[in-house]
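Hello,

Here is the structure that I am handing over to you. My notes follow below it.

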Amino acid sequence: MTATKGLEGIVAATSSISSINDGVLAYRGINIDELAECASYEETAYLLWYGKLPTKSQLLTLQEQLSEYAAVPQEILEQMKLFPTDANTMAVLRTTVSALALYDETANDISRESNQKKSIKLQSQIPTLIAAFARIREGKEPVAPLKGVSIAHNFLYMLTGEEPDEVAIRALDQALVLHADHELNASTFSARVTIATLSDIYSGVTSALGTLKGPLHGGANEAVMQMLSEIGTLEQVEPYIQNKLNNRDKIMGFGHRVYKNGDPRAKHLQKMSYQLSQLKNDSTLYDISVKVEELVTGQKGLRPNVDFYSASVYTLLEIPRDLFTPIFAISRLSGWTAHILEQLDDNRIIRPRAEYTGANNQQYIPIELR
Ligand SMILES: CC(=O)SCCNC(=O)CCNC(=O)[C@H](O)C(C)(C)COP(=O)(O)OP(=O)(O)OC[C@H]1O[C@@H](n2cnc3c(N)ncnc32)[C@H](O)[C@@H]1OP(=O)(O)O
Ligand SMILES: O=C([O-])CC(=O)C(=O)O
């Protein structure tokens with residue numbers, strides 16, 4: 001038995017949710033480029049969950065359900081008030097999503113019908129949890145969710161308590177579409193491994209959140225922003241990046257396990273970053289990002305992934321840096337739960353083997369002789 005490090009190239013599941021072929025990403029067979037231009041996040045989530053785009057009335061029903069479920073138990077908001085104000089936001093999200101199960105009497109019902117309902121519920125409650133903590137840590141009361149508006153709209157509103165502008169809503173909505181699913185990425189794999197033991201959907205999503213948090217995966221968007229802030233000016237890009245490359249440090253937001261010729265989502269986020277910087281009349285962050293890309297691609301042949309330009313997009317939307325990965329989670333929730341439903345439709349426990357590299361034929365030595 002020989003292990004493949006990082007399971008590279010191993011096909012570990014069948015799935016009809018999203019595909020990556022020759023650098024093209026499609027959800028249920030629809031090219032992401034088309035969805036990014038035309039679809040709302042709610043339509044995208046429906047597509048991932050139910051396999052086809054919704055009719056007007058199906059979309060309306062979904063929007064009504066999302067509105068109905070958006071509030072979270074008051075007990076969880078009270079618990080949040082006891083959390084350290086500098087707690088890691090992904091740790092807060094992981095903990096509070098896990099806590100949601102305690103207040104849902106259907107938590108352990110793993111029937112398709114119940115899991116479908118809980119997917120919609122989680123989709124609606126996760127933005128509420130994130131926005132609530134962002135306010136509670138500043139000593140402010142959470143803002144109750146609005147009814148009848150999109151997830152992007154509601155999230156921006158719950159952060160500030162003010163009506164967001166249309167440009168910001170559209171930019172966030174498009175970013176949510178672009179991050180919604182990505183075949184067997186690490187966090188989705190985690191969700192599938194957890195659920196395949198016939199555990200509950202909250203456990204699956206909690207596993208996925210813990211996996212998304214890491215900087216080699218979803219946490220990279222925050223690490224990109226940290227890097228752009230450290231660089232600070234256009235003049236500093238070259239010495240900063242050169243130093244990192246000389247030290248063989250990783251440049252966050254570059255490289256990908258599957259895409260070797262570029263991530264098809266990055267161009268949409270780059271365009272958004274450019275448009276927002278034009279609107280704001282401040283292209284510093286965008287210009288720094290483009291220069292970083294020129295150097296890293298020029299010298300290492302590595303291309304930006306989805307996390308690279310999303311960092312400047314969210315910053316231009318005036319979203320705090322430590323909410324970037326939680327926003328990724330708002331979007332990926334639809335992908336995770338679609339995979340959870342798919343896994344349970346044709347389940348077998350996921351249990352690969354390990355190539356043993358330790359010692360053999362050892363003997364037990366009594367503790368007093370060690
Ligand atoms: C939503 C997402 O999860 S997208 C990915 C987000 N993560 C990041 O942006 C973090 C930075 N990128 C990386 O760490 C990696 O490219 C990953 C984790 C995305 C993919 O990892 P792998 O498929 O294992 O790529 P791997 O690490 O084998 O890279 C191949 C080579 O390119 C180098 N490389 C890969 N990415 C980078 C990078 N961002 N900066 C510098 N060098 C890199 C590796 O060091 C390795 O070089 P070597 O062969 O000389 O050792
Ligand atoms: O697929 C991956 O390995 C990481 C990624 O881009 C994603 O999850 O969106």
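**Core**

Leaving aside neighbours within four places in sequence, Phe155 is in contact with Pro127, Ala131, Leu172 and Ile330; contact here means that two C-beta atoms, placed from the backbone, lie within 7 Å. This is a predicted model, in which local features need pLDDT of at least 70 and side-chain atom pairs count only at pLDDT 80 or more, while totals for chains, interfaces and linings use all residues. Residues are numbered from 1 along each chain as its sequence is written, and chains are lettered from A and ligands numbered from 1 in the order in which they are written.

Phe155 also belongs to the largest nonpolar core, which has 95 residues. Those with the most contacts inside this core are Phe155, Leu172, Leu176, Val205, Val224 and Val313. The core lies between domain 1 (13–216 + 333–345) and domain 2 (220–316), because both give residues to it. A nonpolar core is a set of buried Ala, Val, Leu, Ile, Met, Phe, Trp, Tyr and Cys residues joined through C-beta atoms within 7 Å. A residue is buried if 20 or more other C-beta atoms lie within 10 Å of its own, exposed if 12 or fewer, and partly exposed in between.

Ala329 is found in helix 16 (residues 324–345). It counts as buried because it has 26 C-beta neighbours inside 10 Å. Not counting residues up to four places away in sequence, Ala329 touches Leu93, Ile126, Leu209 and Leu212.

**Domains**

The bounds of the two domains come from an automatic or database domain assignment. The centres of domain 1 and domain 2, taken over C-alpha atoms, are separated by 26 Å. In the contact between them, 15 residues of domain 1 meet 17 residues of domain 2. On the side of domain 1 that touches domain 2, the elements that give two or more residues are strand 2, helix 1 (32–38) and helix 8 (166–179). Helix 8 gives the most, with six residues. By class, this side of domain 1 has eleven nonpolar, three polar and one charged residues. Ala, Val, Leu, Ile, Met, Phe, Trp, Tyr, Cys and Pro count as nonpolar, Asp, Glu, Lys and Arg as charged, and the others, Gly among them, as polar.

**Sheet**

Helices (H or I, at least four residues) and strands (E, at least two) are DSSP runs, numbered from the N terminus. Three strands form an open antiparallel sheet in the order 1-2-3; two strands pair if DSSP finds at least two bridges between them. Strand 1 (18–21) and strand 3 (30–31) stand at the edges with a single partner strand each, so one side of each is left without a neighbour in the sheet. Strand 1 and strand 2 (residues 24–27) pair over four bridges. Ile20 stands opposite Leu25, and Ser19 has Ala26 as its bridge partner. The two strands form a hairpin with two residues between them, and Asp22 in the turn has a positive phi of about 50 degrees.

**Ligands**

Ligand 1 is surrounded by 18 residues, and the closest are His217, Ala220, Phe254, Gly255 and Arg257. Near means a C-beta atom, placed from the backbone, within 6 Å of the molecule. Around ligand 2 are His182, Asn185, His256, Arg257, Val258, Asn305 and Val306.

Regards
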